[in-house]
Amino acid sequence: MIQCSLQTKVRGKIRGLRVCVAIALTSSLFTLQAYAQVWEPYKQVTDDTHLNYLANNNAYATAVDGFNIHVVWWNDDQDSIWYSRSEDNGETWTQEIPIGEGTHPAIVSEGSTLRVVWTAEGPTHDMDIFYSHSTNNGGSWVSPTNISETSSDSYNPSIACLGNSVHVVWNEAGTDILHNRSTNNGLTWGDSKNIATGLVGNPAISILGTASLLVHVFIVWEDSLSGTAQINHRHSSNNGTDWGTVNKVNSGSADAYSPSIASTTQGVQVAWIDNRDGNPSIFHNFSLNQGATWNPVDTRIVDLGVIDSAYQPSVSAHESDVHVTWIDTRNPFTAIYYDHSEDNGFTWMEDKPVTDSLRNPHNPSIASYDSDIHTVWYDDSATYQNIFYAHAGEVQPDNLIRNRFDVGYIGDDVYNRDGTGQTSQQLVDGGDTAVYYIMIQNDGDIPDEIIVTGDSSVSGWKVAYYNSLTGGTDITDEVTESGWLTGELSEDDNISIRAEIIPDDTVPSGSFFSILIISASSNDTTYVDAVRANAVVSNYQPDNHIKNSYESVYIGDNIYNVTGANQTEEQSIGIGDTAIYHVMIQNDGPDEDSFKVTATPTGTGWDVKYYDGIQSEYDITAQVTTTGWFSPLLGVSSITRFRVEVTPITADSGDSHEIMITSTSTKDTFKHDVVKAITVIGSGVTEELSTGEFTLNTETFSEYSRYPVIFYELPEATWTDIVIYDVTGTVVRNLVNTRKDAGSYRITWDGRNNQGLELPSGLYFCMLKTPKRILDGKLLLFK
């Protein structure tokens, strides 16, 4: 049986490279999603005037490696063996190639190397087993080799391979099961070994390599010596050199026959025909310890009662996924059916038909490659008997989403029903439109049409869908009702739609609305993927910060209230001294905005002044305390700062004065933020614009340069930042960002921004920031 040994990236998803054996070193590295298998319309491989046949289905007539699918058969033209392949996952097939003379061929593949065995007349006119191989993907074949040459008839061969080792098992005269192997790619063969004696038949073989470098070979067959046919098994753990004892696979007491076997590192899988229900049915069992013991209870894959029959099972496996096809007569016509287990055969899905009543199929043979399933059979419903093929793949829609401001989509290879991990959010003004782009991708293995459904409008919110990223046709009614159909998408093909969410003018700022867009496979509607689009009405929120002038850190970041709670500064000063506060306003909204600043008027006994910068002498007290002072237009996250000075005039010791400074968005006047300054007369000291041993001075022109020069002094080693702002409060240049030793320093600003571009002449500001002090100064840039 062909098993999985290596994983590779194909068509944008992880897919297992199918060869003759599973290598345990790689099988645990990848976790495959549950399959939703859907069968495509079948195709005719041969079209001639001969009767074409496949081997008994416990020997594999098909093998698969990636997109390469190989089939061998024989026809009644002098009993000749023929071969054909598809290189595009079963879409088209090559011209038929003759391999030799004989019947009942079986095939395995390993990369571009193919190996075939069959039955043909030997030199002594009895039937022998012949072997041939191709090393160029079936393009040409070596001359056949007789690997049995016994004096009695040999028939029903089954083949398995791993690297240089090739193993063949067959029935000898109806009384023995023989095994032979080659360890040099089939160039030479050893002596045949007798595996079983009795009334035996229908042998099948599988091989498995493990991480411990042991090569396990498994053989099953039917044995009727006791009077009731049963399924027996033998196992070799050293590449066929020695063989363990015979043990029984089936647990029933009725006739069991025609076994098919597959093996992976997850388990050994066997399916057979069983008569315990009074008529032939398909049963399955497995071993999780290389065949040492078998599950004590068999599983009935299909139950047709006592009228209909099921027979000719063929099994394939990859990791813990098990696939079985068979023939049954339930309808009342003969058809191929398929079933699948995702847990090593403990439980099984609902079976599905592969063919319809127009055909009369025989001897199905199955091969799997990751989630792709391939089945071949021959059909005798017409005058001529030909080979047919069908392909099944998984279905999986994959929704991806982004809003119009994002660069890339999110949600690739993320599958769920609630949009987790694939949610896009947008801020939007009332009356404006939040736009989202949704890509629907076919991540399955077969062409599929996707059904797209989405949430509809609610009070205050309008939702619309279009079949294009720009313009397009309005498909809202289809999406929100029966579902909009994408049309057929090939594997990895995609199509995009646009979703728009529009809040009306009555929706309050900060309001939230969410829609879920779901894509479902039209082949299997249980397979879905969802993305979520969230819209939030823009919160044009000014963000006030405050600090005492001698402090290094502002408080109030991302705190919004109208009381000043958690953003209040307090100073204690002496009579006649001045308390200085620095206030910073940041635009936390999504667009440019200007903010109106108002504050408490001067109280009795106190003098309160407001200035439009940290060191500015431009008095804005009259505006702040009456009509309001308007900040410059600030970009998103930009800042502006001003200074507050509070001086007691006639107040007494212990008196205090509280002011509240309010910033209001001009785009949404309901949005405010407040900081509070409390000044207490006590034993405080006068605060000045430049204090302590940290100093900052600037010169527009100097003997050193025609550009502005900045002088600063550090009384101790400390981390130092020097930043240049423009009049909007936007950082344009980071001059210093490092740890500096104590001392005096001079630095010249060349008038360029952080991108190296020359800035226009005008007023700029400089900030010196250390963990202990923040100092500001003005710069005039002339060109």
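**Exercise 1. Surface and overall form**

Solution. 
The model is predicted: local features need pLDDT of at least 70, side-chain atom pairs count only at pLDDT 80 or more, and totals for chains, interfaces and linings use all residues. Residues are numbered from 1 along each chain as its sequence is written, and side-chain values use heavy atoms, with hydrogens and water left out.

Step 1. The protein has 3 helices and 57 strands. Both are DSSP runs numbered from the N terminus: helices are H or I with at least four residues, strands are E with at least two.

Step 2. The radius of gyration is 41 Å, well over the 28 Å that the globule rule gives for 783 residues, so the protein is more spread out than a compact globule. The radius is taken over C-alpha atoms, and the rule is 2.2 Å times the number of residues to the power 0.38.

Step 3. The C-alpha trace spans about 130 × 60 × 50 Å along the principal axes.

**Exercise 2. Burial, contacts and charge**

State what share of the residues is buried, what share of the contacts joins residues at least 24 apart, and how far apart the mean positions of the charges are.

Solution. 
Step 1. Buried residues are 58% of the 783. Buried means under 20% relative accessible area, exposed over 50%, and partly exposed in between, with a 1.4 Å probe and protein chains only.

Step 2. Take the contacts between residues at least 6 apart in sequence: 59% of them join residues at least 24 apart. A contact means heavy atoms within 4.5 Å.

Step 3. There are 42 positive and 102 negative charges, and their mean positions are 10 Å apart. Lys and Arg count as positive and Asp and Glu as negative, while His and the chain ends are not counted. The place of a charge is NZ of Lys, CZ of Arg, CG of Asp or CD of Glu.

**Exercise 3. Nonpolar cores**

Which residues have the most contacts inside the largest nonpolar core, and which elements give two or more residues to this core?

Solution. 
Step 1. A nonpolar core is a set of buried Ala, Val, Leu, Ile, Met, Phe, Trp, Tyr and Cys residues joined through side-chain atoms within 4.5 Å. The largest one has 26 residues, and those with the most contacts inside it are Tyr 436, Ile 438, Tyr 465, Ile 501, Ile 515 and Ile 517.

Step 2. The elements giving two or more residues to this core are strands S35 (434-442), S36 (448-454), S37 (461-466), S38 (484-489), S39 (494-503), S40 (512-521) and S41 (528-537).

Step 3. Not counting residues up to four places away in sequence, Tyr 465 touches residues including Gly 454, Thr 473, Val 479, Arg 498, Ile 515 and Ile 517.

Step 4. Another core, of 25 residues, lies apart from it; Val 583, Ala 599, Val 644 and Ile 661 are among its members.

**Exercise 4. Strand residues**

Where do Leu 763, Lys 778 and Ala 317 lie, and is each buried, partly exposed or exposed?

Solution. 
Step 1. Leu 763 lies in strand S56 (residues 762-769) and is partly exposed, at 32% relative accessible area. Beyond four places in sequence, Leu 763 contacts Val 727, Lys 778, Leu 779 and Leu 780. Its C-alpha atom is 7.1 Å from that of Asp 726, 37 residues away along the chain.

Step 2. Lys 778 lies in strand S57 (residues 774-781) and is partly exposed, at 38%. Its contacts beyond four places include Gln 615, Thr 698, Leu 763 and Phe 765.

Step 3. Ala 317 lies in strand S26 (residues 310-318) and is buried, at 0%. Ala 317 and Ser 368 are 51 residues apart in sequence and 6.9 Å apart, C-alpha to C-alpha.

**Exercise 5. Positive phi**

What is the phi of Gln 78 and of His 125, and which loops hold these residues?

Solution. 
Step 1. Gln 78, a residue other than glycine, has a positive phi near 60°. Gln 78 sits in the loop between strand S7 (68-75) and strand S8 (80-86) and is exposed, at 65%.

Step 2. His 125, also not a glycine, has a positive phi of about 70°. Its loop runs between strand S11 (113-121) and strand S12 (127-134), and His 125 is exposed, at 63%.
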